[in-house]
Protein chains: 2
Amino acid sequence: MPYDAPVNDISFALTQLAAIDRLEGGEGFESYDPELVGPILEEAGKLARDVLAPINQSGDKAGAQLTDDGVIAAPGFKDAYAAFRDGGWMGLAAPEEYGGQGLPRALALGVMEMVHGANMAFGLCPMLTFGAIEALVAHGTEEQKETYLHKLVAGEWTGTMNLTEPQAGSDVGALKTKAVPNSDGSYAISGQKIYITWGDHDIADNIVHLVLARLPDAPEGSRGVSLFVCPKFLVNADGSLGERNSVKCIGLETKLGIHASPTCVMEYDGATGWLVGEENKGLACMFTMMNSARLNVGLEGVAVGEAAYQTAFEYAQERKQGKTEGVDGPAPILHHADVRRTLTTMRSQVMAARAICYACGVAADLAEAGETEEIRQAARLREELLTPVAKAWSTDMGVEVASLGVQVHGGMGFMNETLAAQLYRDSRIAPIYEGTNGIQAIDLAGRKLSMADGAAMGEMIAEINATARSARETNDPQLVQIAERLETASASLAEATRWMIETMKSDRETALAGATAYLGLSGDVIGGHFLTKGALQARSADYKTRAQMTALAGFYAETTLAEAPGRVAGVTKGGEAVLRDSEALFGV
Amino acid sequence: MPYDAPVNDISFALTQLAAIDRLEGGEGFESYDPELVGPILEEAGKLARDVLAPINQSGDKAGAQLTDDGVIAAPGFKDAYAAFRDGGWMGLAAPEEYGGQGLPRALALGVMEMVHGANMAFGLCPMLTFGAIEALVAHGTEEQKETYLHKLVAGEWTGTMNLTEPQAGSDVGALKTKAVPNSDGSYAISGQKIYITWGDHDIADNIVHLVLARLPDAPEGSRGVSLFVCPKFLVNADGSLGERNSVKCIGLETKLGIHASPTCVMEYDGATGWLVGEENKGLACMFTMMNSARLNVGLEGVAVGEAAYQTAFEYAQERKQGKTEGVDGPAPILHHADVRRTLTTMRSQVMAARAICYACGVAADLAEAGETEEIRQAARLREELLTPVAKAWSTDMGVEVASLGVQVHGGMGFMNETLAAQLYRDSRIAPIYEGTNGIQAIDLAGRKLSMADGAAMGEMIAEINATARSARETNDPQLVQIAERLETASASLAEATRWMIETMKSDRETALAGATAYLGLSGDVIGGHFLTKGALQARSADYKTRAQMTALAGFYAETTLAEAPGRVAGVTKGGEAVLRDSEALFGV
C-alpha cells in the first residue's frame with residue numbers, strides 16, 4: 001500500500017506541540033525560517049511515498065546479499081539512495097561550512113520520521129551517517145573534518161558506528177579490538193565487531209567507520225576505550241579514493257526484520273585508522289552522538305507505529321466482514337466499534353510518542369542555539385530527561401502498535417509478506433539497539449532524575465500541571481475532563497518520582513527493579529501532557545483537526561492517563577517481591 | 001535449548017488452582033484417578049522435551065513443502081508424530097468405546113500445553129484432530145463414528161476444520177462452498193477453503209476433513225451452512241483405504257510463524273462428503289467443538305509464554321554483561337534487577353493464564369460429568385464465561401511475554417533463528433485464529449454476561465471475594481496485602497460488569513467499543529484471583545513452592561491488580577471519544 005506521508009501530524013507536532021518556532025533566529029540557525037517547515041516536510045513526504053515506500057516490502061523479501069565483492073544492497077536501494085543523496089537530505093541539519101543547510105535537527109527528525117515510516121531498513125543508513133557526522137564535527141581534527149565531512153554531508157559517503165563485540169554489548173567497556181600505533185601517526189586496528197548496521201554495501205562510494213578500540217596498555221574497562229575513524233577506502237591527499245583498507249564484512253546476520261539493512265560482522269585486520277578525540281576518551285566521544293541516535297531510534301518507533309496505523313486503517317476500510325447498522329450487505333470492518341477503538345488506540349499512542357520525540361529534538365537544538373545560557377541550560381535538562389523516554393517509550397509503543405496492526409488484519413496479518421507482518425518484525429529491534437530499553441530506564445531513573453537536584457523532572461511536571469490548568473480554564477467540558485485525568489496522572493508521576501529519587505540513594509537495587517515501570521509511567525503522563533496540549537492548540541484550528549486532537553486526547557485520558565495512579569505501586573512496590581524472593585524464583 | 005517440561009507448575013495449576021479432583025468418580029471418568037496426574041504429565045513431558053522440542057527450530061527453518069504428491073511435513077515431523085501416536089496421546093480424553101482412555105479433557109490439556117510449548121507447529125495437528133473427534137462424537141451418525149473415530153482416536157488418521165474462505169473469515173456465514181446431493185446419499189463438495197491448518201501432510205495415512213458448505217437452495221447467511229465429513233482417501237466398507245477423494249492442497253501460505261504447520265489452500269472439486277448432523281445446522285455443530293478449540297488456543301498462549309520464559313531465564317543465566325554487587329568479573333544478566341523483574345513479569349503472567357485455562361478445562365469436564373444438575377449447570381456457566389477470557393487474555397499475554405523474551409536476549413533475540421525470535425513469530429497467530437480476540441471480547445461482554453441473568457460473572461466475583469477473604473484471614477502480612485489489592489480489583493471488575501450489562505441493553509455500540517478493555521480487565525482480575533489462591537494453597541507446600549507462589553502473587557498484586565481500578569474508565573468511558581468523533585477520525 002502507498003505510504004501516506006503524515007505531513008500534517010508531523011507539522012502539528014513540530015510547531016504546535018514542540019514549539020519549533022522558538023529556534024527562529026537562534027545561533028547557528030540563521031537560515032531557519034518557520035515558513036520552511038511545511039514545504040520541506042512536503043518534499044520529503046514525496047520522497048518517502050514515491051521512492052522509499054515502493055521498495056520496502058521487496059527489500060524485506062530480497063534482503064541484502066554478501067558476495068565476494070562485499071555486500072550488495074537489496075534491489076532498488078542504490079537508486080533510492082541516489083535520490084535521497086541528490087535531494088540533499090543528508091545535509092539538512094549539517095553545518096553549512098561542510099555543505100549542509102544548517103537547519104534545526106528537529107526538522108531533520110521530521111524528515112527522518114517519514115524516511116523510517118516508508119522504509120525503516122533504508123532509514124538506518126542515513127541515520128548512522130548523521131551519527132558519524134556529529135562525532136566528527138564534535139571531536140575530529142581539522143584534517144579529519146576536511147577529509148570526511150564534505151563527502152558525508154553530501155551523502156556521497158556513508159558512516160557507521162562500530163561498538164559491539166560478541167562479549168561487549170550493553171557493556172561496551174568489555175570490548176577487545178586493538179589499535180596499535182603505526183609510525184606515521186595512524187593506527188592498525190584489529191578485531192571483530194558485530195551487529196554493524198550498513199557496515200558494508202554498494203550504494204555509496206566509501207564508508208566511514210567510527211570504531212571503538214583499545215590502545216596497547218590502555219586501562220581495563222570503559223576508561224581504556226578510544227575512538228578511531230577508519231574508512232573502507234583510504235583517502236588520498238587530493239580527496240580521491242585510494243587503496244582498499246583491510247576491513248571487511250565477513251558475515252550478514254539473518255534477522256527477524258529490517259532485512260534490507262545489512263547487519264554486518266566486520267573484521268578489522270590491521271586496518272588503518274586515525275584517533276578521533278583524546279586517547280581513552282572514546283566512550284565520551286560516542287556519547288556525544290548517543291543522545292541523537294537514541295532519539296532517532298525512538299522516532300523509528302513512531303514511524304513504524306504510524307505505518308502500522310495507516311496499513312490497518314486502509315485494511316479496515318477495504319475488508320468487509322459481518323453486518324453493522326446503517327450498511328447494506330457486508331460492512332467494512334471499520335464499522336465495527338472494536339476495530340475503530342483499536343485504531344484510535346494506535347493513533348493516540350503514535351501521536352503521543354511523536355510529540356515526545358519532537359519535543360526532545362527541539363530541546364536538543366535549543367540547548368545549543370538558545371539565546372541565553374538559562375534557556376540553553378533548561379533545554380539541555382529537558383533533552384537529557386526526554387531522551388531515554390523518547391527512545392524507550394516510543395519503541396515499546398511501536399512494537400505494541402505494530403502488533404495491533406497485525407490484529408486488525410486478522411489472518412491476513414499473519415501472512416509473512418504483508419506490510420503489517422513486516423512492521424511487526426521490523427519494529428522489534430528498536431527497543432533493543434542504541435541501549436536496550438532497560439538501560440534507558442536505568443539512565444532515566446538514575447542519572448537523569450538526579451541531575452540538577454531533580455530539576456529536569458520537576459520542571460517537566462510543572463509544565464504538565466500548567467497545561468492541565470490551561471485545559472481546565474477553557475471550561476470546555478471535554479477539556480476539563482481531560483484536565484482532571486492529567487492532574488491526577490501528574491500527581492502520580494510526582495509521587496513515583498519522589499520515591500525513585502529517595503530510593504535510588506537508600507536502596508539502589510530496589511530502585512532499579514522499579515526503573516522500567518517508572519519510565520513507562522513517565523512516558524504515559526508526558527505523552528498525555530502533549531496530547532492535552534494538542535487539544536488546546538487545536539481549538540483555533542479547522543474543525544477536523546480540532547475534533548481529531550480532542551478525540552485522541554480524550555481517549556488517551558480515559559485509558560492511559562486514567563491508569564497512571566494504579567501504576568505507582570508497580571514502581572514503588574513491584575520490585576519488592578522480585579528481590580525478596582529472588583533466591584526462590586531464580587536461585588540468585 | 002532443551003524444553004524443560006513445567007510438570008510441577010501444570011500439576012499445581014490442575015490440582016491446587018483448578019481443583020481437578022472434583023472430577024474423581026464423575027460420570028464418564030470412571031478410570032480417572034488423581035494419582036495419575038503426576039505420572040501422565042511426567043510421561044508427556046518426556047515426549048515434549050525429547051521428541052518434539054528438538055525439531056521445533058529445525059521445523060521453523062525448513063517448513064512444510066508442497067509437492068506434486070501433496071504436502072511433505074518438515075524433516076523429523078513424521079517420526080515425531082509416530083511417537084505421539086504410539087504413545088496413545090491422541091486418545092487420552094477420547095471415549096473408551098472408540099479406543100480412548102476416557103480421562104478428563106483437563107488432563108489432556110496439561111499434556112497439550114507441553115506439546116505446544118515444545119513445538120506449537122506440531123501441536124496444531126493433534127489439536128485439530130481432537131476437534132474432529134469431538135464433532136463426530138457429538139453429531140456423527142453411528143456409521144460415521146464407526147468409520148472414522150477408531151482411527152482418529154488411535155492417531156492413525158488426523159482431522160481438520162474447514163471453515164474459512166477468502167470472503168468468509170470472522171463472518172463464517174458468508175461462505176460459498178457448495179454441497180450437491182449425489183444419488184447414493186453422499187454429497188459432491190466444491191469450493192475453495194483457506195487457512196486450513198495441517199490440511200494436507202504425509203505424517204498419517206488419512207486426513208478427515210470437516211467442511212462447512214452450503215446445500216443447494218440453502219438459506220443465505222449462517223442459517224444455510226451445513227457440516228460434512230470428507231476424507232482425503234475414501235474408506236472402503238472393510239475399513240481399508242479406497243480411492244483418493246478430489247480434495248487437495250493447492251497452495252501453502254508463507255507465514256510469520258508456525259512454519260512447520262502447513263497452512264493450506266484446499267480445493268474441493270466435487271469431493272465426496274457426508275452430512276454430519278442436520279441440514280443447515282452446520283454452524284451449531286461447529287460450535288460444539290468451538291469452546292474446546294478456543295480453550296486449546298488459549299493454552300497455546302500459555303505454552304508459548306512458558307517457553308519464552310524458559311528461554312529468557314536460561315539466556316539470563318548464561319549471558320554475562322556488566323558488573324553487579326557480589327559477583328566477580330562480568331555478571332550474568334540475571335543479576336541485574338531489571339532483568340529479574342522482566343522474568344518475574346513473564347512468569348506471573350504465564351501462571352495466571354495457565355490457571356484460567358485449566359479452571360476453564362475442569363469446568364468443561366464438570367459440566368458434563370458433575371454429580372448433580374446444579375453442579376453441571378454452574379460448571380457450564382463457568383466454562384462459558386472463562387472460554388473467551390482463556391482464549392483472548394492468554395494469547396495476548398503470550399505475545400507480550402514472547403516479546404519480553406526477545407528483549408531479555410538483547411541483539412541475540414532479533415536473530416531470526418533464535419528460539420526467542422521464533423516464539424515471537426509463532427505466538428502472533430493465537431490472538432487471531434479460532435475467533436479473533438475482538439470476537440472473544442464481544443462474546444464475553446455480550447452473550448456471556450447476559451447468560452442466566454448475569455450469574456456467570458456474578459458467581460466468579462463472589463468466588464474472587466471469598467479468596468480475598470481467605471487471604472486476609474491468614475493474617476500473614478504478605479497475603480493481607482495481596483488480599484487488599486484483590487478486593488479493590490474485584491470491586492472494579494464488578495463496577496465495569498454492571499456498566500457493561502446495562503450499556504449492552506441501552507447503547508450496544510458504546511458497550512461494544514468497551515468490550516476488549518472489559519475482557520482485559522476480567523482476565524487481569526480473574527488471573528489475580530488464581531495467583532492469590534496459589535499463594536494460599538502453597539502455604540502447606542514446600543518452602544520453594546511457597547516462596548515462589550507468594551512472590552508471583554505479590555508481584556502481580558502490586559502491578560496488574562493495582563492497575564485494575566484505573567482501567568474501569570477505559571471500559572466505561574474509552575469508547576465515547578471513539579464513537580463521538582468517529583466521523584472526524586475515520587470518516588464513518
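What rotation superposes chain B on chain A? In this predicted model, the rotation is one of 180 degrees, with 0.0 Å of shift along its axis and an RMSD of 0.0 Å. The two copies are thus related as by a two-fold rotation axis. The same surface serves both copies, since 100% of the contact residues of chain B recur in chain A.

Along the principal axes, the C-alpha trace of chain A spans about 75 × 60 × 55 Å. Of the 588 residues in chain A, 63% are buried. Among the contacts in chain A with a separation of 6 or more, 75% are between residues 24 or more positions apart.

Attention then turns to the meeting of the two chains. In the model, 76 residues of chain B are in contact with 76 residues of chain A. On the side of chain B that touches chain A, α17(B) gives the most, with nine residues. By class, that side of chain B has 36 nonpolar, 25 polar and 15 charged residues.

Helix α17 of chain B, residues 543-561, also packs against helix α14 of chain B, residues 477-506. The angle between these helices is about 35 degrees, and their axes are 9 Å apart. The crossing of α14(B) and α17(B) is left-handed. From α14(B), the residues that take part are B:Gln478, B:Gln481, B:Ile482, B:Arg485, B:Leu486 and B:Ala489. They meet B:Thr550, B:Ala553, B:Gly554, B:Ala557, B:Glu558 and B:Leu561 in α17(B). By class, the contact of α14(B) with α17(B) has six nonpolar, four polar and two charged residues.

A further helix of chain B, α11(B), has nine of its nine residues buried, so it is largely enclosed by the rest of the structure. The buried residues of α11(B) are B:Leu419, B:Ala420, B:Ala421, B:Gln422, B:Leu423, B:Tyr424, B:Arg425, B:Asp426 and B:Ser427. What covers them includes α3, α6 (120-139), α8 (282-318) and α10 (373-409) of chain B.

B:Arg428 lies in the loop between α11 (419-427) and α12 (437-450) of chain B. With 27 C-beta neighbours inside 10 Å, B:Arg428 counts as buried. Residues up to four places away in sequence aside, B:Arg428 touches A:Val406, A:Phe414 and A:Tyr424 in chain A, and B:Leu256, B:Gly257 and B:Val399 in chain B. The C-alpha atoms of B:Arg428 and B:Glu35 are separated by 36 Å, and these residues are 393 residues apart along the chain.

Another loop residue, B:Ile55, is placed between α2 (37-52) and α3 (56-62) of chain B. B:Ile55 has 22 C-beta neighbours inside 10 Å and therefore counts as buried. Not counting residues up to four places away in sequence, B:Ile55 touches B:Gly76, B:Phe77, B:Ala80 and B:Asn119. In the case of B:Asn119, the separation from B:Ile55 is 64 residues in sequence and 7.6 Å in space, C-alpha to C-alpha.

Backbone geometry was also examined. Most residues other than glycine have a negative phi. B:Tyr195, although not a glycine, has a positive phi of about 60 degrees. The place of B:Tyr195 is in strand β5 of chain B, residues 187-197. B:Tyr195 is buried, with 26 other C-beta atoms within 10 Å. B:Ile258, which is not a glycine, has a positive phi of about 35 degrees. This residue is found in the loop between β10 (247-252) and β11 (263-276) of chain B. With 27 other C-beta atoms within 10 Å, B:Ile258 is buried.

Technical notes. Residues are numbered from 1 along each chain as its sequence is written. Chains are lettered from A and ligands numbered from 1 in the order in which they are written. This is a predicted model: local features need pLDDT of at least 70, side-chain atom pairs count only at pLDDT 80 or more; totals for chains, interfaces and linings use all residues. Copies are superposed by least squares on the C-alpha atoms of residues with pLDDT of at least 70 in both. Two residues are in contact if their C-beta atoms, placed from the backbone, lie within 7 Å. Axes are lines fitted to C-alpha atoms, for helices over the stretch in contact, and angles run from 0 to 180 degrees between N-to-C directions. Helices (H or I, at least four residues) and strands (E, at least two) are DSSP runs, numbered from the N terminus. A crossing is left-handed if the near helix is turned anticlockwise from the far one by less than a right angle, and right-handed if clockwise. Ala, Val, Leu, Ile, Met, Phe, Trp, Tyr, Cys and Pro count as nonpolar, Asp, Glu, Lys and Arg as charged, and the others, Gly among them, as polar. A residue is buried if 20 or more other C-beta atoms lie within 10 Å of its own, exposed if 12 or fewer, and partly exposed in between; C-beta atoms are placed from the backbone.
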